[in-house]
Amino acid sequence: MRILLAEDEVVLCDQIKRLLSAEGRIVDVVHDGQEAGFLGSTEPYDMIILDIGLPIRDGISILKEWRGNGITTPVLILTARDGWSDRVDGLDAGADDYLTKPFHLPELAARVRAALRRSSGRTNPLFERDGVVFDTRHGRATVHGVPVDLTSQEVAVLTYLIHNAGRLISRTELSEHIYEYDGDRDSNTIAVFINRLRKKLGPELIQTMRGRGYMIDGP
Amino acid sequence: MLSLRKRAWISGGIAALVSLSVGTLLLYSFLNQRVLQRFDRALLDRHTQIVVALNSVSEDPALLGELLFDPDYQTPFSGRYWQVTGPDGQLFTSSSLLDATLPGPAEASSTLTILSVANPEVEEVRLAQQLITLEDGSTWTVAVAETLAELNAERLETRRSLLAAFALVAVIGLASVLVQTASIMRPLDRLRRDVAHRWDRDEDLSEADYPEEVAPLVADINGLLARNREIISRSRRQAADLAHALKTPSAILRNELSVLAEGTHDLDKALEALDRVDAQLGRSLARLRTANSGEATQTRTDLSHSVGRFARMFGMLAEREGKAFRIACEPGLTIRMDAQDVEEVLGNLLDNALKWCRSRMALTVRKQPQGIEVLIEDDGPGIPEADRAEAMRPGARLDTSKPGTGLGLAIANDLLQAYGATLALEDSATLGGLAVRITLPPERVRASKEPPRGQAAPQASRAGNL
């Protein structure tokens, strides 16, 4: 799952990125409103974390523009302002959730997971299929109760496929959601990740539609 | 200080009375003078008449009585007399004197002397007397006199009619002072009404609507209004900046500490200290906010619109948690309270309701005789009556099982008090949990009332504590 983090405080960005990456999320970080507006409109993010008080352009106006252009990506707004008016303004502008600073990082992670689950229509954070259990909260998997070690890229691929279960995902789409903006995107490596996942979790979980992409059966 | 109206009345009244009195006195003495001159001229004419008559009958002055046939000279004590003293001291008088004689200066002079004399034998008279030398060389003292009774009566009459005129003019003068005062005061009265009226709508006053003497005051008032708005918005901005400047570093610090705490370090004390910093920060910012509210702001807010915003927001949040949120709000309700303050109150109280309710919460806004009532109810555990006062204390948390700062209820209460509104905690009759009942008083007429002293003082002390 690829997340855009727009926050002007560099240290806070590092902390959030560290946290979300540990859960297998791909995080693009921007520090000003202009860049946030641009990336949010052009890149296929699964979620956006948006600070309201960004330099150059404020978060609310960016959010309104996205929503006006039909971008429905879930947006979690961060605000350092106490006022309820700011929070309502944010939700009225189309945000899905808000968090007031200073927040606890686990709280942020929980809000991100909840927003992703809501957008995928899943209510249960645990994915279970034929003895494979994947906890989308922490990116941990077990096969028949035995823990399986997954790399962060494998977690990213699996999470995206589970969140979009029942839908055919092309290699290009998959690569767009597991690599950072300026990362080295090589769709051939996707096949490598899929093969490794099949080895670790069993061959039936992920289906390959030759030349078209991959799919996990719907819930 | 003495009111302008009273000043105008008093000074206008005094000026009118003084000028009228002086005018009347001058007029009276002028008329007096003229009456006396006329009287003296008539006296002189009669004196000349006697001298002429004497000239023709100086051989036999006793004939004078026949020559001077004015009936008043014949009637005893008629008030008009003549008296001639011959060279050898012989005395000839008008019959009106009977056997009395006219008083006069002891030494008769050859120049004509006119004077008023009190005469014990007759009455007070005006006397004209002269020493006359006839052609034959004989010298005679000729005197005529006339009673002053008539002159005095005329003077009295003049005085009376003057006083009547004076009274009439005085009444007109005082009335015109009142009219003038009212006309001068009218722009000031209008200014007062206008200020009250426009204050409500947060508009500036138009200088062109006022006389040039009042226009600078209007400009000053506009300046004050603008400054008032500016101060409020600046302090709010400062509070927001302060919040931003402190909260982000605090978040960073907390995150680093949390990561370290997951390792081997025991950082509970540090995290606890940071909690205290955050709590104090939240409280101080809330105080800062309250200090800039209430009477300081005079904007009107569409309450129904704000309720609609929160209905959408909490409807969504409640739905996510599988809870039901029922909203009933009359349309078109407005209150005199800053929009951000209204939303602060609604947000804090609805947040509490959502946090504590089991499955249902409700918001009811309606017009009541005593003002607009906002009722927020939930089906949660409620607050026992004995604990309700404690629940209003800033930072008080009766139940720490759910996250929170314990500030929400206290902030809402402080804000409402600043506007003269009330907040009461009750049992919810329909949902069984807590009911928070807010009563916003009906809109007040600002012009006639100063903010209650009791409210200004705690605001100041709150600000001072920061």
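In which handedness, left-handed or right-handed, does helix 2 of chain A cross helix 3 of chain A? The crossing of this pair is right-handed, where right-handed means that the near helix is turned clockwise from the far one by less than a right angle, and left-handed anticlockwise.

Before going further, a word on conventions. This is a predicted model, in which local features need pLDDT of at least 70 and side-chain atom pairs count only at pLDDT 80 or more, while totals for chains, interfaces and linings use all residues. Residues are numbered from 1 along each chain as its sequence is written, and chains are lettered from A, with ligands numbered from 1, in the order in which they are written. Helices (H or I, at least four residues) and strands (E, at least two) are DSSP runs, numbered from the N terminus.

## Chain A and its helix pair

Chain A holds eight helices and 11 strands. Of its 219 residues, 46% count as buried; that term asks for 20 or more other C-beta atoms within 10 Å of the residue's own, whereas exposed means 12 or fewer and partly exposed lies in between, with C-beta atoms placed from the backbone. Among contacts in chain A with a separation of 6 or more, 59% come from residues 24 or more positions apart. A contact here means that two C-beta atoms, placed from the backbone, lie within 7 Å.

Back to our pair: helix 2 (residues 33-42) and helix 3 (residues 59-68) of chain A pack at about 20 degrees, with axes 10 Å apart. That angle makes helix 2 of chain A roughly parallel to helix 3 of chain A. The axes are lines fitted to C-alpha atoms over the stretch in contact, and angles run from 0 to 180 degrees between N-to-C directions. Angles under 35 degrees count as roughly parallel, over 145 as roughly antiparallel, 65 to 115 as roughly perpendicular and the rest as oblique.

From helix 2 of chain A, A:Gly33, A:Ala36, A:Gly37, A:Gly40 and A:Ser41 meet A:Gly59, A:Ile62, A:Glu65 and A:Trp66 of helix 3 of chain A. By class, this contact has three nonpolar, five polar and one charged residues. Ala, Val, Leu, Ile, Met, Phe, Trp, Tyr, Cys and Pro count as nonpolar, Asp, Glu, Lys and Arg as charged, and the others, Gly among them, as polar.

Within helix 2 of chain A, A:Gly33, A:Ala36, A:Gly37 and A:Gly40 are buried. They sit on the same side of the helix because they cover an arc of only 100 degrees around the axis. The buried residues of helix 2 of chain A pack against strand 1 (2-6), strand 2 (26-30), strand 3 (47-51) and helix 3 of chain A. Turned away from that buried side, A:Phe38 and A:Thr42 are exposed.

## Where the chains meet

The contact between the chains takes 25 residues from chain B and 20 residues from chain A. Helix 5 (215-262), helix 6 (268-291), helix 7 (303-320) and helix 8 (339-356) of chain B each supply at least two residues of the side touching chain A. Helix 5 of chain B gives the largest share, 11 residues.

Most residues other than glycine have a negative phi.

Technical notes
Arc of directions from axis to C-beta.
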